[in-house]
Amino acid sequence: MRKLTKALFASVALALISSPAWTVLSQSTQSGSMRDPFVLELPDIGNVSITAPEAVIPTPEIHTIRLLVRRPFSDSINYGKIHTFINGESAGTIQNTRAGRDGYIVTCDIDSKPHLFRFRPGKNVVEISATDRNNRSYYASYVLLAGGKGAGDASSQGAMIENIALSQGSDRQPPTVYLIEPKTAVQMTGATATARVRGVVSDDSGSVASITINGQPAPLSLATGTRGLVVRPAASTVSGEMAFDRTMTISGDSSSVVVEAKDQAGNVTRVLIPVRRREAAVSSRFSGRKFALVIGVSRYNYHEGGLNNLVYADADARSMRDFLQRREGGGFSPSDILYLENEQATIEGVRAALKSFLPKAGPNDLIFIFIAGHGAPDPYAPQNLYFLMHDTKVANMPGTALPMDELKETLEHGVRAERVLVFVDTCHSAGLSGEKLVQTRGLENNLTNLYAQKLYKEAGRAILTSSDVSEVSQESDQWGGGHGIFTLALLDGFRGGADANGDRLITAGELFNYVRDRVRVETAFRQNPRALPGLSADLTLAVVPAK
């Protein structure tokens, strides 16, 4: 397994070096004809046709996406049966379909709604599905690795971005703002707070006019070759980069810090950085009732279709359950923890928990969910994602596995608790590939984490997933004597490893930073945990006991 992974890593590195414009990273792993009707084209970067699941593109400045539905497939597909998604958001409102010489041409105009669909540096996902008149389904997903990957992108730090473009003129592209500080929401501990706001603003026309912070002008200076943690790519098409840096006093009644960038044409980008006050959650100081649903599945009853057992998912779940009952884990009452392991974690048992256990929590209570095991797409409809339970049958996932949409629906409409924390150590099942890869919990084009991170958008809720799109989640006896590395990092972070500022309180932001960095290092950057954009970073999750 390790030799195979190293060979794959080397081949990817070689591919990146060999092509200056764009590079296919992997060939199709979705067998049969499911991907066959589709071709992805990106007119902004030339005459590029993409059919593989992954490709490197030189820039995130993509304004138009074109998807071809080729003949003869298009002859039996109606316009209304074609659906597109960009980074998990339905793109139907920006989609236009027309007949072409070789089939249908589906065009998505990203500039018509850039606040929803604009590409970001790093990973972006485009999906298309179609159903023909014989009710046969087709589906393809494309992971596009955009040059200029930036950890400082404002949206990655929980800030809200608003783009206001001119309605006419040759320049209708608002500036791009990268935040270096603050890395999370501004935290209020008294009547006022001091916050340093710095970053880089760029514009494709090379003409950044001004930037203000809470209405006060911020001086602009020529940016250097880096953006804090963000390294400018050698072949970047972004020009006109300017740095800004200003320290502000924030009053207690402020709800956000507003950064506004304007270019010479008058296009505006507005970034709202949340201002929050510390509140307790998973700690002994939390006054509400605390409910936990903990699920761990290592043993699977049915192995048809290549579904293999895991080794440490159940051990991960037991360790999390035991931690929650200790004082440093919040002192959860055993009667308020529903623990489902292996044979207990059936689809019927989990559904009963969602319908009867979680709704017990009131508005001022807390819900904590931990899931460890396999996750996978339906092999017959890969756009549908599932958590696999002990009695799941690969041939009948809709009837025997838990759809991610069902968990989302429960948490959005079936619970009253304002504080919901979810930790997911699962992704696409490596076992479904037909290979016995015991040390992984994933397969390429892993969109589970893309949609898992979209489960919640309300304040006071947070989700961490164990890996990024197209990555596997690893487990081994080298980690804590037998754990998934994500769960081990979570537990060590809760126990004090994540206390970055030494105040003996572990916040969601501190925990994510610790877990992300620990997992990346332990896996040589092959596994990169994800957090929901807008993570309630200042929620206190645990109290570190005094030594």
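1. Four bridges join strand E2 (residues 38–41) to strand E5 (residues 64–70), and the two strands run antiparallel. Helices (H or I, at least four residues) and strands (E, at least two) are DSSP runs, numbered from the N terminus, and two strands count as paired if DSSP finds at least two bridges between them. Within this pair, valine 39 stands opposite leucine 68 in E5.

2. Please keep in mind that this is a predicted model, in which local features need pLDDT of at least 70 and side-chain atom pairs count only at pLDDT 80 or more, while totals for chains, interfaces and linings use all residues. Residues are numbered from 1 along each chain as its sequence is written, and side-chain values use heavy atoms, with hydrogens and water left out.

3. E2 and E5 belong to an open sheet of five strands, with antiparallel pairing and the order E3-E2-E5-E9-E8. Strand E3 (49–50) and strand E8 (95–100) stand at the edges with a single partner strand each, so one side of each has no neighbour in the sheet.

4. The loop between E5 and strand E6 (77–86) holds proline 72, and the peptide bond that leads from arginine 71 to proline 72 is cis, with omega near 5°. As background, most peptide bonds are trans, and most residues other than glycine have a negative phi.

5. Asparagine 135, which lies in the loop between strand E10 (122–132) and strand E11 (137–146), has a positive phi, near 65°, although the residue is not glycine. Asparagine 135 is also exposed, with a relative accessible area of 65%; here buried means under 20% relative accessible area, exposed over 50%, and partly exposed in between (1.4 Å probe, protein chains only).

6. Phenylalanine 525, in the loop between helix H9 (508–522) and strand E36 (530–531), likewise has a positive phi near 65°, and phenylalanine 525 counts as exposed at 54% relative accessibility.

7. Helix H3 (residues 313–325) and helix H8 (residues 485–497) pack at an angle of about 15°, with their axes 10 Å apart; the axes are lines fitted to C-alpha atoms over the stretch in contact, and angles run from 0 to 180 degrees between N-to-C directions. That makes H3 roughly parallel to H8, a term used for angles under 35 degrees.

8. Where the two helices meet, Asp316, Ser319, Met320 and Phe323 in H3 touch Thr487, Leu490, Leu491, Phe494 and Arg495 in H8, contact being heavy atoms within 4.5 Å.

Technical notes: Parallel < 35°, antiparallel > 145°, perpendicular 65-115°, else oblique.
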